[in-house]
Amino acid sequence: MFRFLNLTLNGLTNGMIYAAVALALVMIWRATRIVNFAQGGMLMFTTFIAWDLAQVHHANYWVALVVAVVAGILIGGVAERVLVRPVENGPPLNAVIVTLGLLIFLQALAGMIWGNSQAHSYPPAFRFIGYKVGDRTLRFSPNDLFIVLSVLVVVIALYVLFQRTSLGLQMRATAFNPEVAGLLGVRVGRLLTLGWALAAGLGALVGVLVAGTSSGYVTPVGPFDALLIYGFTAAVIGGLDSPGGAVVGGVVLGLILSYADSYISNFIQTMYALVVLIAVLMIRPKGIFSRTSERRV
Amino acid sequence: MLTVEDVVTTYGAVRALDGVSMTVEPSTITAVLGANGAGKTTLLRTVNGLVRPRAGRISYEGRDLLRTHVDEVVRMGIAHVPEGRGVITELTVDENLRLGALWRRNRTELQQSLAEMYELFPPLAERRNKPADTLSGGERQMLAIARALMSRPRLLLLDEPSLGLAPRITAQIMGTLRRLRDEQSLTVVLVEQNARSALSVSDQAIVLNLGRVVVSGPAVELAADEKLRHAYLGF
C-alpha cells in the first residue's frame, strides 16, 4: 500500500510535467494547426541558458528561471514570425519539416555552445529528500510539491486567460476561424505570434523544472526528446484540441508510466508511452475528452 | 455615404467586377441583385478590403477605403456579415456576440449592447451560453447579424442572409433590417439572390450581370418592371 502511494505521488509529479508539455503543444496546435516538434528543442535551449546562468555565473535559481521563461517567449514568438508564418498557407507537411529543422538547429547550436558529451546537472528549487510519514520517507519531496504547484498555477492562469478575458476570447476565435476573426477586427497575426510565445514560455518553465529533479540533467539530445514524446502522448489522450484534456491526459499518462515502471519493468519506459499512444489512436482517435464531432466546413 | 466608382476586380483572368459604380445614401437599404457569379459577393469583399480592386475608387464618408486595412474598416463603422453566416460554431452565442464589440473598451456599453441584441433576437437570449453549433440555420443568421450590430456600425454589409432559410425566417430578418433602418438610421447594403424578398424592404437596387451594373433605380420601380424581372431576377 505504501508502495502504491509512492508510485501515485511520483506519477502525479511526472504527470504534471507531461501535462504542461502537452498544454504547450495543444496551444500551438490550436493556434496554427501545427504539431511543434521543436518544442523539446526549444525548452532544451532555454534550460541551457538557465543552466549557464545558475551554474557558470552563479545566478540565483529564480533569476535563472525567469530568464529562461523570457527567452522561451522570445524564441517562440520569433519562431512563429520568421519560420512558421511563411509556410503557414502551404501544405501541412512543410510546417512539420520546418519545426523538425528548428529542433535539429537548436540541438546543434546547443552542442556547439555547451558541448555534446557532458550531462550537466541542474540545481533543484527545493530539497530532493521526501517528506517523512512516521519513520518512512515518501517519494514526494518539497521540490516535487513545487513542480505540481507551479504547473497548477500556470494551468489556472491560462484557463483564466482563455475563458475570462477578451484577449483569450480573441485567441480562441482566431484558433477556430481566422478569417471571421479578422473580419471582426481581431489582429490575427499578432495573436498567432502570442500563442507560440506563450507555449514556448510554458515549455521553458517545464525544462527548468525537469532539469531540477533528482534524475534530471541537461544535454542537447536526450531527456528533452523523451519529454516531447510523453507530452505528445498526453496531448493525444486529451484529443490534441482541448487544453483541459491535455492536463488530464498528462496526469493519466504520468500515473500509467509510474505503475508500469514499478509493477512491470523499468527498462522500457518510453515504450509504455508509445503503447498508450497507439492504443488511444486505435480506440479513440479524437481523444477521450473531445466534445465536438467532425469540424463542419 | 458610400461611393463606388468604376471598380474593376479580377481573379486571375476573370473580371469579377468590370467597372461597377454605385452610390449608397445614409439610412437606406440598397439591394444588390443578380444571378450566381454576377459579382455580388466580390463587390462586398472589395468594399471592406478583403479583396483589392485593379482599378476604381471606393470612399466612405469622404475617406478612401482602398487605403484602409480590413480590421480598420470595422473600426470605421462598417460591419460585414459574410456569406454562409460566419458564426464561430465552437464558441457560445454570448462569446460570438462579444467578439462583435472587441475594440469597444467600455464595459457598461458592452453590456447594454448585449442586452439590446437579446431583446432584438429573443431566440438568442434563450441560448446565450450554448455553443453556436446548437443553433438552427435561422438562429445562426440572427447571431451573425446581431454580432455585426454589436460594433454599432453605421453601414451593414449583408451577404445572402436568406440563403437556405425558410421563407418565414427570411421575412423576419428582412423585417428586422427595415426596423433598424427606421429606428437607428442604419444603412444597409443587401446582397441577395432572392430578389423578391430583398426588393420588398429595399429603397433602391442595382442588378449585376457578369460584373457590370445592368440596371439601377428605386426598388419599387424594379419590382414593377415585368420585363426586367423576367430577364434578371427570375420572378
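Glu179(A) forms a salt bridge with Arg45(B), and the closest N and O atoms of the two side chains lie 3.4 Å apart. This pair crosses between chains, running from helix 7 (residues 178-183) of chain A, which holds Glu179(A), to helix 1 of chain B, which holds Arg45(B). The model is a predicted one, and the distances reported here are computed from its atoms. Glu179(A) is partly exposed, its relative accessible area being 43%, and Arg45(B), with a relative accessibility of 24%, also falls in the partly exposed class. Over all chains, the count comes to 16 salt bridges.

Within chain B, a salt bridge is formed by Arg212(B) and Asp18(B), with the closest N and O atoms 3.1 Å apart. The two residues belong to distant parts of the chain, since Arg212(B) is in strand 10 (residues 212-218) and Asp18(B) in strand 2 of chain B, 194 residues apart. Arg212(B) is partly exposed, with a relative accessible area of 48%, whereas Asp18(B), at 17%, is buried, because the limit for a buried residue is under 20% relative accessible area. A further salt bridge of chain B joins Glu139(B) to Arg127(B), with 3.9 Å between the closest N and O atoms. Glu139(B) lies in helix 6 (residues 137-149) and Arg127(B) in the loop between helix 5 (122-126) and helix 6 of chain B, so that the pair ties together parts 12 residues apart in sequence. Of these two partners, Glu139(B) is buried, with a relative accessible area of 16%, and Arg127(B) is partly exposed, with 27%. Salt bridges that share partners also join Arg15(B), Asp18(B) and Arg212(B) into one network.

Strand 2 of chain B, which contains Asp18(B), takes part in an open sheet of 4 strands, whose order is 2-1-4-5 and whose pairing is antiparallel. Strand 2 (14-24) and strand 5 (63-64) of chain B are the edge strands, each of which pairs on one side only. Strand 1 (residues 2-11) and strand 4 (residues 55-60) of chain B run antiparallel and are joined by 5 bridges, and Val8(B) stands opposite Ala55(B) of strand 4. Helix 1 (residues 40-47) of chain B packs on this sheet and touches strand 1, strand 2 and strand 4 of chain B, its direction making about 115° with that of strand 1.

Strand 10 of chain B, where Arg212(B) is found, pairs in the antiparallel sense with strand 9 (residues 204-209) of chain B over 6 bridges. Arg212(B) is also the bridge partner of Asn209(B). The hairpin of strand 9 and strand 10 of chain B has 2 residues between the strands, and Leu210(B) in this hairpin takes a positive phi near 50°. Most residues other than glycine have a negative phi. Glu61(B), although not a glycine, has a positive phi of about 45°; Glu61(B) lies in the loop between strand 4 and strand 5 of chain B and is partly exposed, at 44% relative accessibility. Ser185(B), likewise not a glycine, has a positive phi of about 50°; Ser185(B) is in the loop between helix 7 (167-184) and strand 8 (187-192) of chain B and counts as partly exposed, with a relative accessibility of 46%.

The largest nonpolar core has 97 residues, of which Tyr18(A), Tyr122(A), Leu227(A), Leu253(A) and Leu99(B) touch the most other members. Helix 1 of chain A contributes the largest share of this core, 15 residues. Apart from neighbours within four places in sequence, the contacts of Tyr122(A) include Thr47(A), Trp51(A), Tyr61(A), Val208(A) and Val218(A). Another core, lying apart from the largest one, has 48 residues, among them Leu120(B), Leu156(B), Val201(B) and Val207(B).

Leu253(A) is one of the buried residues of helix 10 of chain A, which also include Gly245(A), Val247(A), Gly249(A), Leu257(A) and Ala260(A). The cover over the buried residues of this helix includes helix 1 (2-32), helix 5 (142-164), helix 9 (223-237) and helix 11 (269-283) of chain A. At 1.5 Å a residue, the 21 residues of helix 10 (residues 243-263) of chain A should span 30 Å, which agrees with the 30 Å between its end C-alpha atoms.

Terms used: Residues are numbered from 1 along each chain as its sequence is written. Chains are lettered from A and ligands numbered from 1 in the order in which they are written. This is a predicted model: local features need pLDDT of at least 70, side-chain atom pairs count only at pLDDT 80 or more; totals for chains, interfaces and linings use all residues. Side-chain values use heavy atoms; hydrogens and water are left out. Two strands pair if DSSP finds at least two bridges between them. Contact means heavy atoms within 4.5 Å. Axes are lines fitted to C-alpha atoms, for helices over the stretch in contact, and angles run from 0 to 180 degrees between N-to-C directions. The expected span of a helix is 1.5 Å times one less than its number of residues. Buried means under 20% relative accessible area, exposed over 50%, partly exposed in between (1.4 Å probe, protein chains only). A salt bridge is a side-chain nitrogen of Lys or Arg within 4 Å of a carboxyl oxygen of Asp or Glu. A nonpolar core is a set of buried Ala, Val, Leu, Ile, Met, Phe, Trp, Tyr and Cys residues joined through side-chain atoms within 4.5 Å.
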